[in-house]
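Have a look at the chain first, then read on.

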Amino acid sequence: MNKHSHLTLDDRLEIQKHLKEGKSFKFIATELGKDPTTISKEVRTHIQFNKSGCYNKAFNDCLNRMGCLAQHLCGNKRCNRYCCFCNAHSCGSLCSEYQIEICSRHAKPPYVCNGCEKKSKCTLEKRTYSGLPAQKEYEHILTEARQGLQITEEDALRLDALISPLLLKGQSLHHICVNHADEIMQDERTLYRYVASGIFKARNLDMPRVMRMGKRKKKRDSFKVDKKCRVNRTYQDFLKFMSENPCLTIVEMDSVEGKKGGKVLLTIHFVVPQLMLAFIRDANTSRSVTEIFEGLYGALQPEDFCRLFQVLLGDNGSEFSNPTAIEKDQQGNQRTMVFYCDPQASYQKGAAENNHTLIRRIIPKGTPMDSFTQEDISLMMNHINSYSRQNLGDKTPYAVFAALYGEEVLKKMGADLINPDKVTLHPSLLKK
């Protein structure tokens, strides 16, 4: 077999079989006619993460889980179970003694649990390699690599600083390219795509001639972000950082779409109190996300912002592709830390995903959001945050957040408490 050819589905199924048998990378490489580093990279690239327990035991990755006698951490006094055996809650968000444990097997070959004899009795996070999902991920990455735009974070900032002020003066991109060719070093048509993708401060609205032209009926180029922005910000980096700083608060951020191509929500979810904020944006761009965090930074002031947003966890969407602008203020001071979930692993920020189901009660999937204002979205989130939760001891996220950080902070973020009898989780809430 050609050592330089791509792995096939049969190859990946063969790797899965040999891993289950406990074979080494060297053995597998010999069987497939590949280099051992190829097999190692393949396994590490397509690891699947699963937070599942084992027979009669819930998932629990706390270092102190053995012999732990803690009870009623969630506030439910009627529960007779020990918290370490509970399926409904996470010790990491409720217990002050929680310390994450990561299996030592994951730090060295084979990096996965496929052939582990203790897998059926283990309550830690499982990491497995499966041939069919690995093939689908490979095909998706291969397709993505051949389409869309690509620009580094540094180049985007450099071009924005040069081009946007001139566009806002009424100059055309052609005029700018003619007079700054040595500085731009990009094709004019490429710059038009960058502006349309929303990575610059200037928009299509600032180019009157472009706005008068009708849109061509063709598939819109997708914006592919530079993967360098995720260096030292992966989910594994996040786990390591949290194991070293277990007392820091985690905030999950995500996007909720209405109709494709229309307005979109940015959701910010505080994991422990389960309070969620939402902000409507005209487009799903990184600049719109940065502007929202800048607004929160100004409203809360540095002290409260840094106290609330200590660690941010997002997915791999292009709207989160400028982490430096979120992490640092305009003077370059560090104000938060940004990390990313693994691709196609939304369960790694499951708290936010779960809370989105309440948003979907009011704005069903596929419903256009173009008619909604920020006042509408704030009203919706006030009703959701005033909805009592059983896993909070029948308290509301608003009440738990107020107890932790003070009600004054909630007011600064535009949150209000709704009377329990008036809470509405139905599309009629936003009917005009």
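This is a predicted model: local features need pLDDT of at least 70, side-chain atom pairs count only at pLDDT 80 or more; totals for chains, interfaces and linings use all residues.

What follows is a set of questions and answers on the labels used for this model.

Q: Why does the radius of gyration agree with a compact globule?
A: The radius is taken over C-alpha atoms, and the globule rule is 2.2 Å times the number of residues to the power 0.38. For 432 residues that rule gives a value near 22 Å, and the protein has 24 Å, so the two agree. The C-alpha atoms fill a box of roughly 70 × 70 × 40 Å along the principal axes.

Q: Which part of the contacts comes from residues 24 or more positions apart?
A: A contact means heavy atoms within 4.5 Å. Among contacts with a separation of 6 or more, 67% join residues 24 or more positions apart.

Q: What makes Gln135 buried?
A: Buried means under 20% relative accessible area, exposed over 50%, and partly exposed in between (1.4 Å probe, protein chains only). Gln135 has 10% relative accessibility, so Gln135 counts as buried. It is found in helix α5, residues 131-144, and touches Leu7, Thr8, Leu9 and Arg12, leaving aside residues up to four places away in sequence. Across the protein, 43% of the 432 residues count as buried.

Q: How do you know whether Leu358 is buried or exposed?
A: Its relative accessible area is 8%, so Leu358 goes down as buried. Leu358 is found in helix α14, residues 350-362. Not counting residues up to four places away in sequence, Leu358 touches Ile384, Tyr387, Arg389 and Leu425. The C-alpha atoms of Leu358 and Asn385 are separated by 9.9 Å, and these two are 27 residues apart along the chain.

Q: Why do Ser286 and Ser130 get their burial label?
A: Ser286 has a relative accessible area of 12%, so Ser286 is buried. Ser130 has 18%, so Ser130 is buried too. Ser286 is found in helix α12 and touches Ser318, Glu319, Ser321 and Asn322, residues up to four places away in sequence not being counted. Ser130 lies in the loop between β2 (126-129) and α5, and with that exclusion Ser130 touches Gln16 and Gln48.

Q: What makes a group of residues a nonpolar core, and which members of the largest one touch the most others?
A: A nonpolar core is a set of buried Ala, Val, Leu, Ile, Met, Phe, Trp, Tyr and Cys residues joined through side-chain atoms within 4.5 Å. The largest such core has 30 residues, of which Ile268, Phe270, Phe293, Phe309 and Met413 touch the most other members. Helix α12 gives the largest share, eight residues. Apart from this core lies another, of 21 residues, among them Val256, Ile359, Met381 and Ile418.

Q: What is the peptide bond from Pro109 to Pro110, cis or trans?
A: Omega is near 10 degrees, and the bond is cis. Pro110 lies in the loop between α4 (91-94) and β2. Why mention that? Because most peptide bonds are trans, and most residues other than glycine have a negative phi.

Q: What is phi for Tyr111 and for Gln344, positive or negative?
A: Tyr111 has a phi near 70 degrees, a positive value in a residue other than glycine. Gln344 also has a positive phi, near 55 degrees, and is not a glycine either. Tyr111 is found in the loop between α4 and β2, while Gln344 is found in the loop between β9 and α14.

Technical notes
Residues are numbered from 1 along each chain as its sequence is written. Side-chain values use heavy atoms; hydrogens and water are left out. Helices (H or I, at least four residues) and strands (E, at least two) are DSSP runs, numbered from the N terminus.
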